[in-house]
2 protein chains.
Amino acid sequence: MTADQPTVLIIEDELAQREVLAYNLEADGFRVIRAENGEEGLLLVEEDMPDIIVLDWMMPNLSGIEVCRRLKTRAETRNIPIIMLSARSEEVDKVRGLETGADDYVVKPYSVIELMARVRTQLRRVRPSTVGVRLEFDDIILDAETHKVSRSENALKLGPTEFRLLSTFMEKPGRVWSREQLLDRVWGRDIYVDTRTVDVHIGRLRKALTQFGGSDPVRTVRGAGYALG
Amino acid sequence: MTADQPTVLIIEDELAQREVLAYNLEADGFRVIRAENGEEGLLLVEEDMPDIIVLDWMMPNLSGIEVCRRLKTRAETRNIPIIMLSARSEEVDKVRGLETGADDYVVKPYSVIELMARVRTQLRRVRPSTVGVRLEFDDIILDAETHKVSRSENALKLGPTEFRLLSTFMEKPGRVWSREQLLDRVWGRDIYVDTRTVDVHIGRLRKALTQFGGSDPVRTVRGAGYALG
DNA sequence: CACGCCTGTTACATAGGCGTCACAAAAGCC
DNA sequence: GGCTTTTGTGACGCCTATGTAACAGGCGTG
């Protein structure tokens, strides 16, 4: 059931709030990553590219609204839905929140159920077409909508894990992913498997990608991980 | 396919509701334009002359009922079907809604399936030719109006659930639908049934589709869901 | 009320993947 | 060139996701 487990990033400075939220989201089958301030949040977005972000408005230093603004003005992160949390209920803030580009807005104290519903809604809005349904790299084409992969006209048969692995690579061609990052992203956190398992699946992916000839597009970065191209 | 794609105008002040609706309508092949209040809605009607309008009852300033009244008293816009959405369930409101000229009326929380069905119904009334009444894939033909399905000349007998399942697949051949998405669309949200039920119905659909021979057009995507072709 | 049709659930069979291990190969490192 | 560390990969047992038959309940029809 880890199939395509969506990742939620919670950026919230207050521990209790953060954990309650995380607990509920995890119980609902989401993968959760946490940041306790804006800076850490931005870093995690970089590193882990979550599917959706729950963002607290009031935080020391880098405020939620500022984080939101930054994410929404960068092409790579513009499409990640952001749900803003705020203790203020003034209409003014609501407007400002949405103006900065937040996709939805929840006023504290909120009902956890309601928040979850909104998370799902936002996710449904963006998820089916994660980044773009069609990823290309060199002569490899991956269609996220149909789950079909081809290399120069030949349809390839990949297992679920190899498919997710390849999707990950193709989202950012050239980027080096550590085995840990891949385990997190492809397998899902709190799954415990040996890091070497990644190697095995990389091997299987390579075999699938080269079964009709062509060079191996997966690059091993010794001591660091793997990358595409 | 995109030729003569019908346009739906959604007038709804709440962002989340609006987007859920838009998402589903777009997935169904409609072109969607959005307005978040009555004034904007009226402007967009002018500007874009949609084929049908989904209108929220409760909105700040210019209420849905007022928007409806204005549209229905102007000759140019009188024939655009309007479906009213309301959180109220009182019969009184229903009557008042229809009296102002709304063509249909849906009470929140509504099933998305139901609403979509009503959109299609209204649309069929006004633009009989443009609604996807006839879907084709390979040698399978599905007629949404008569609920008849045939495969290379042979009429097939499907139960209601199998029919909706097949419709969903045929709307976007190749697209992979997760069990959860299928439950949402075919069964309706907030219906609670086991996800494995989907498998059983897929099996029944397969049997129906292959009863006169022919290959199985339903593709199982391990760890992800099902797709047509 | 009996009957037929559909549905959701359960139980069981099965295949297709998955993770681990062990060893080979390659790459660094002195 | 030896020695150590990292990576590649074939083999294999296990386990989970899927296919499917059987069953019981619901609901409308005659």
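A crossing of two helices is called left-handed if the near helix is turned anticlockwise from the far one by less than a right angle, and right-handed if it is turned clockwise. This is a predicted model, in which local features need pLDDT of at least 70 and side-chain atom pairs count only at pLDDT 80 or more, whereas totals for chains, interfaces and linings use all residues. Residues are numbered from 1 along each chain as its sequence is written, and chains are lettered from A and ligands numbered from 1 in the order in which they are written.

**Chain A as a whole**

Begin by selecting chain A, which has eight helices and eleven strands; helices (H or I, at least four residues) and strands (E, at least two) are DSSP runs, numbered from the N terminus. Of its 229 residues, 32% count as buried, a term that requires 20 or more other C-beta atoms within 10 Å of the residue's own, while 12 or fewer make a residue exposed and numbers in between make it partly exposed, with C-beta atoms placed from the backbone. Among the contacts in chain A with a separation of 6 or more, 57% are between residues 24 or more positions apart, where a contact means that the two C-beta atoms, placed from the backbone, lie within 7 Å.

**Two helices of chain A**

Next select residues 38–48 and 64–72 of chain A, which are helix α2 and helix α3, and look along their axes, which are 10 Å apart and at an angle of about 25°. Axes here are lines fitted to C-alpha atoms, for helices over the stretch in contact, and angles run from 0 to 180 degrees between N-to-C directions. The two helices, α2(A) and α3(A), are therefore roughly parallel to each other, since angles under 35 degrees count as roughly parallel, over 145 as roughly antiparallel, 65 to 115 as roughly perpendicular and the rest as oblique. Their crossing, that of α2(A) and α3(A), is right-handed. To see where they meet, show A:G38, A:G41, A:L42 and A:V45 from α2(A) against A:E66, A:V67, A:R70 and A:L71 from α3(A). This contact of α2(A) with α3(A) comprises four nonpolar, two polar and two charged residues, where Ala, Val, Leu, Ile, Met, Phe, Trp, Tyr, Cys and Pro count as nonpolar, Asp, Glu, Lys and Arg as charged, and the others, Gly among them, as polar.

**Loops on either side of β8**

Now move to the loop between β7 (140–143) and β8 (148–151) of chain A, where A:H147 is placed. A:H147 is not a glycine, yet it has a positive phi of about 65°, and it is buried, with 21 other C-beta atoms within 10 Å. The loop between β7 and β8 of chain A also holds A:A144, which is buried with 23 other C-beta atoms within 10 Å.

Is the next stop, A:S152, buried or exposed? With 11 other C-beta atoms within 10 Å, A:S152 is exposed; it is found in the loop between β8 and β9 (154–156) of chain A, and its phi, near 35°, is a positive value in a residue other than glycine.

**A strand residue**

Select A:V218 in strand β10 (residues 218–221) of chain A, which counts as partly exposed, with 18 C-beta neighbours inside 10 Å. Leaving aside residues up to four places away in sequence, A:V218 touches A:I202, A:L205, A:R206, A:Y226 and A:L228. Its C-alpha atom is separated by 8.9 Å from that of A:F169, a residue 49 apart from A:V218 along the chain.

**A helix pair in chain B**

In chain B, select helix α6 (residues 160–171) and helix α7 (residues 179–187), which pack at an angle of about 115° with axes 9 Å apart. The crossing of α6(B) and α7(B) is right-handed. Here B:T161, B:R164, B:L165 and B:T168 of α6(B) meet B:L182, B:R185 and B:V186 of α7(B), giving a contact of three nonpolar, two polar and two charged residues.

**The DNA strands**

Finally, select DNA strand D, which 17 residues surround, the closest being A:D199, A:G203, A:T220, B:D199 and B:T220. The elements that give two or more residues to this surface are α8 (196–210) of chain A and α8 (196–210) of chain B. The surface near DNA strand D divides by class into five nonpolar, six polar and six charged residues.

Note on methods:
Near = placed C-beta within 6 Å.
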